[in-house]
Amino acid sequence: NFVDSYIPVRDSYWSLIITYPTFLIPFVTWLLMGYFRTVPFEVEECAYIDGCSRVRTLLQIVLPMALPGVACAILFSFTLCWNEFLYSLVFIQDQLEKTLSIGVFTELVRGDIYFWGSLMAACLTGCIPILIIYAFFMDYFVTGLTAGAIK
């Protein structure tokens, strides 16, 4: 089949790469809308008066001010992709291509038998990257969450 030979989507990570933006783009847009509303418009007006274009104002003025919100959106998006279950379960059946969350569920649970040692080790291994990323970006994360609380 031409489609199978041209783009190998079935049982590959490409199926997830194509479908993850379907829930990430609306979520990040909703999250950043509230944060960009906290950036004062007067700062943008001052940049326009100084001769900045809209793109330069966005890149040099607005985005640095909104960096905590963008970092918060990236952290939440990474967490959503890392812990996503349904798309991975449906799109990837190959044992070697399974994501960690699906591999733990399908390979370490056999009916009513739980391989507890391996199951707990796999869960800890799955938590470590998220913990490291959250620890590294903690200042941006807290600033991004509390941005709209106090004016």
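I counted two rings of Phe, Tyr or Trp as a pair if their centres lie within 6.5 Å. The model is predicted.

Aromatic rings. I found eight aromatic pairs in the structure. Y20 and F23 make one that is edge-to-face, with 5.6 Å centre to centre and 70 degrees between the planes. Y20 is buried at 12% relative accessibility, and F23 is partly exposed at 22%. I then looked at Y87 and F91, whose ring centres are 5.9 Å apart. Their planes stand at 15 degrees, so I noted this pair as stacked. Both residues sit in helix α7, four residues apart, which is about one turn of the helix. Y87 is partly exposed at 27%, as is F91 at 30%. Ring pairs link Y20, F23, Y87 and F91 into a cluster.

Surface. Which residues form a nonpolar patch on the surface? I listed F85, L86, L89, V90 and F105, with about 450 Å² of accessible area together. Helix α7, residues 86–91, gives the most to this patch, with three residues. F85 lies in the loop between α6 (67–82) and α7.

Cysteines. I checked for sulfur atoms of two cysteines within 2.5 Å, and the count of disulfides by that rule is zero. I also looked up the accessibility of C46 and C72. C46 is partly exposed, with a relative accessible area of 46%, whereas C72 is buried at 3%.

Conventions
Residues are numbered from 1 along each chain as its sequence is written. This is a predicted model: local features need pLDDT of at least 70, side-chain atom pairs count only at pLDDT 80 or more; totals for chains, interfaces and linings use all residues. Side-chain values use heavy atoms; hydrogens and water are left out. Patches are made of residues with over 30% relative accessible area and no salt bridge: like charges are joined within 9 Å, nonpolar side chains (Val, Leu, Ile, Met, Phe, Trp, Tyr) within 5 Å. Accessible areas come from the Shrake-Rupley method with a 1.4 Å probe; for residues, only the protein chains shown count as cover. A salt bridge is a side-chain nitrogen of Lys or Arg within 4 Å of a carboxyl oxygen of Asp or Glu. Helices (H or I, at least four residues) and strands (E, at least two) are DSSP runs, numbered from the N terminus. Buried means under 20% relative accessible area, exposed over 50%, partly exposed in between (1.4 Å probe, protein chains only). Rings of Phe, Tyr and Trp (its six-membered ring) pair if their centres lie within 6.5 Å; planes under 30 degrees apart count as stacked, over 60 as edge-to-face and the rest as tilted.
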